[in-house]
Amino acid sequence: VLVVGAGISGIGAARYLGVEHPERTYAVVEARDEVGGTWSLFRYPGVRSDSDLYTFGYEFKPWRDDVSIADGDAILRYLRETLSENDIWRRVHLGHRVLRADWSSETARWRVEVELTASGRRVALTASWLLGATGYYRYDEPYTPAFAGREQFAGTVVHPQQWPDGLDVAGCRVVVIGSGATAVTLVPALAGTAEHVTMLQRTPTYVMSLPRRDVVAAALTRLVGPDRSFRIVRRKNILSQRASWELARRYPRAARALLR
């Protein structure tokens with residue numbers, strides 16, 4: 001089995017392959033020189049999960065931090081621990097970029113062309129299974145809309161996906177375009193030092209303030225231990241998310257009133 005990508009999905013797939021299919025050989029190839037995918041790449045202020053780690057984390061590895069909405073550094077540590085605890089590091093090949101993959105019905109194999117990014121040398125790998133754990137958007141070319149007159153703007157234009165090291169917004173007036181998960185994370189972090197922050201949104205959304213620390217999880221951990229509490233809280237959170245979605249879908253007015 002060849003797994004493409006060493007982010008949260010690729011690491012999880014590798015663990016399940018090792019545990020549930022020990023008779024198979026597998027390798028994980030990663031184009032970048034780091035594991036962790038999103039959580040090693042994104043460096044913008046305040047980067048964190050937009051889901052609680054009891055749900056977002058692995059079912060086989062209990063989340064033990066007191067904070068359930070975790071910062072990017074904490075998630076990256078969690079992923080590296082998973083690699084170490086499951087002996088996956090030796091299966092990971094960094095700096096290996098997949099260029100193309102061809103299926104042969106005659107041999108029932110994938111032939112995968114891989115470039116070693118450090119040297120540019122190309123090698124061919126074969127596998128009976130090919131698993132793409134590459135995410136759903138391009139890391140190297142983030143989407144940037146064309147804004148008329150942008151070239152006349154004298155200030156700094158930054159895409160969060162390519163946040164420069166050392167960028168200081170202290171005393172600056174900042175405009176954030178968009179109101180998705182990244183913006184909701186970024187705006188409070190920028191507001192701590194910037195002179196003024198404005199968020200522009202095309203489609204209004206409802207935002208509800210909730211604590212980052214799950215008091216139910218903390219109480220259950222004291223009562224029944226971290227492993228049992230993790231399983232309970234994971235199911236509790238999945239059910240609550242499902243219930244809130246059903247409420248908003250079936251009774252939008254009631255959901256709107258509740259959020260307000």
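The model is predicted, so local features need pLDDT of at least 70 and side-chain atom pairs count only at pLDDT 80 or more, while totals for chains, interfaces and linings use all residues. Residues are numbered from 1 along each chain as its sequence is written, and side-chain values use heavy atoms, with hydrogens and water left out.

A search of the whole structure finds 8 aromatic pairs; rings of Phe, Tyr and Trp (its six-membered ring) pair if their centres lie within 6.5 Å, and planes under 30 degrees apart count as stacked, over 60 as edge-to-face and the rest as tilted. One of them joins tryptophan 39 and phenylalanine 56, edge-to-face, at 6.1 Å centre to centre with 80° between the planes. Because tryptophan 39 lies in helix 2 (residues 38-41) and phenylalanine 56 in helix 3 (residues 53-56), this pair ties together parts 17 residues apart in sequence. Helices here are DSSP runs of H or I, at least four residues, numbered from the N terminus.

Tryptophan 39 is buried, at 10% relative accessible area, whereas phenylalanine 56 is partly exposed, at 30%. Buried means under 20%, exposed over 50%, and partly exposed in between (1.4 Å probe, protein chains only).

I turn to a second pair. The ring centres of tryptophan 63 and tyrosine 78 are 5.2 Å apart and their planes stand at 70°, so this pair is edge-to-face. Both tryptophan 63 and tyrosine 78 are buried.

Finally, arginine 15 lies over the face of phenylalanine 60, 4.1 Å from the ring centre.

Technical notes. Helices (H or I, at least four residues) and strands (E, at least two) are DSSP runs, numbered from the N terminus. A charge sits over a ring if NZ of Lys or CZ of Arg is within 6 Å of the ring centre and within 35 degrees of the ring normal.
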